[in-house]
Amino acid sequence: MNRPTTWRVVLWIFGAVLFVFVAVPVWHSLRGHSTKDYWVWFETGQTVLQGGAIYPDQWHKFAFMYPPPCALFLAPISALGQTGLVVVLALVNAAAWICCILFSVRLVTGKWQGAPVLLYAVPSLIVGAFVWGNFLLGQPSLVLLALMLGAFIALQRRFHWLAGALIAIAAAIKAFPVIALVYLIYRRSWIATASLVLTLTFFLLVLPLPFRGPGLLRQDLERWSTGMLFKYDESGVGQRLGRSTSWKNQSIWGVANRLLRHVEYDHKYEPHEPVYANFADLDFRTVNAIILAAALGLGLCFITVMPRRARRTSETDAMEFALLLLLMLIFTPLSFGYLFVWLLYPFTVVLERLQHGSASHRALLGWAGAALALLAFTIPFRVTAQVYGNMLFAAVLLFAGLAAELWARKTTGAG
């Protein structure tokens, strides 16, 4: 499989797919068709350039829901026009996808080249539909993953300031990567922790000041924090009140609420017959207690299987980082399909581990195979499978398999 001919074929196929993924949203923009979220990014960037309000008051729904620094990042790109913005963001996604593949292989093998061709190709093939969703919609999940993987490599290379800064950039684009701060504190990566906090503070408070002024800066932070960051009640999360409990949200918050409470799973704006999938009719407080108990259980499992600092290796780090990404994916409040492109890295870890062929790795194959089967249910049963959280439970199965694998390495002396 590693013959030059095979590599050329794979690279040509990948190049063709990448070209199509970039070309389609650009073509849609040129033809005047729907550009999905690209239009929101363009409008937001233009609003910043014109000195307008990024977020409306509490009585109106947010069109743009990401943190204020993200809007600032979009401003200069939007000056290129809508099609120019689509071209730039699609190319950024293309570069991020390449980085995700290369960084994933580097983390699991410890080297930049010489890995089997399947290790580069198969994980992207598994998450190909999610990759396509990011290009079509204009979502930044690939960029976030590339930043997180880059931070993990920086941690391994002891570039702690760079690691913290990369995670801060990801959190400035979309808030949930800041969860990694808990991991850095637990691992006593104090320099990376300080870098994350200082860099994020710079993006939130210092960088916008010359462009937004103190008044708009304060307004941006207040409206975003109250309307998105700290908004969670019986009606839903942030600005996605109905959609956060719909079949599209695959986080534990969305799945638990629609399966354990009598809430509609197919939220629509036009009149329709409500549909439900709940097994129980628990109150909001009880459902949240169950979610927090699950978070505590998986968190304790993560801590238990982590090797002591003195006994960490690049091999155990690869699995540890995969478990961290899976936890972030499971517990971010809004986790729609395109975010599951993050499974690219855990599947890369699984594939690399399976090459060894021991008994524990055969068990890992079972966990990963079950996760892959759950994801495959989306093809024939797109809505029904996601109603019952097939993507969420696929992530949980991968977490269980990789946690068991890391525990096996720890108890046999590797960790």
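Colleague: What should I keep in mind about the numbering and the model?

Modeller: Residues are numbered from 1 along each chain as its sequence is written, and side-chain values use heavy atoms, with hydrogens and water left out. Because the model is predicted, local features need pLDDT of at least 70 and side-chain atom pairs count only at pLDDT 80 or more, while totals for chains, interfaces and linings use all residues.

Colleague: Why is Asn 93 called buried?

Modeller: Buried means under 20% relative accessible area, exposed over 50%, and partly exposed in between, with a 1.4 Å probe and protein chains only. Asn 93 has 3% relative accessibility, so it counts as buried. This residue lies in helix H4, residues 82–109, where a helix is a DSSP run of H or I with at least four residues, numbered from the N terminus.

Colleague: What makes the approach of the Asn 93 side chain to Gln 139 a polar contact?

Modeller: A polar contact is a pair of N or O atoms within 3.5 Å; within protein, one must be able to donate a hydrogen and the other to accept it, and residues adjacent in sequence count only if both atoms are side-chain atoms. The side chain of Asn 93 reaches the backbone oxygen of Gln 139 at 3.2 Å. With contact taken as heavy atoms within 4.5 Å, and residues up to four places away in sequence not counted, Asn 93 also touches Asn 134, Phe 135, Pro 140, Leu 142 and Val 143.

Colleague: How do you know that the length of H7 agrees with its number of residues?

Modeller: The expected span is 1.5 Å times one less than the number of residues. For the 16 residues of H7 (residues 141–156) this should give 22 Å, and the end C-alpha atoms are 23 Å apart, which agrees.

Colleague: What makes H7 mostly covered?

Modeller: Of the 16 residues of H7, 15 are buried. Ser 141, which is placed in H7, counts as buried because its relative accessibility is 1%. Leaving out residues up to four places away in sequence, Ser 141 touches Asn 134, Tyr 338, Leu 339, Val 341 and Trp 342.

Colleague: How are H4 and H7 placed relative to each other?

Modeller: Their axes come within 8 Å and cross at roughly 35°, the axes being lines fitted to C-alpha atoms, for helices over the stretch in contact, with angles that run from 0 to 180 degrees between N-to-C directions. The contact includes Asn 93, Trp 97 and Phe 103 of H4 and Leu 142, Leu 149 and Phe 152 of H7.

Colleague: Why is the crossing of H4 and H7 called left-handed?

Modeller: The term applies if the near helix is turned anticlockwise from the far one by less than a right angle, and right-handed applies if clockwise; the crossing of H4 and H7 is left-handed.

Colleague: Where is Lys 36 placed, and why is it called partly exposed?

Modeller: Lys 36 belongs to the loop between helix H1 (4–31) and helix H2 (37–49), and its phi is positive at about 55° although it is not a glycine. With 41% relative accessibility, Lys 36 counts as partly exposed.

Terms used
Helix = DSSP H or I, 4+ residues; strand = E, 2+ residues; numbered from the N terminus.
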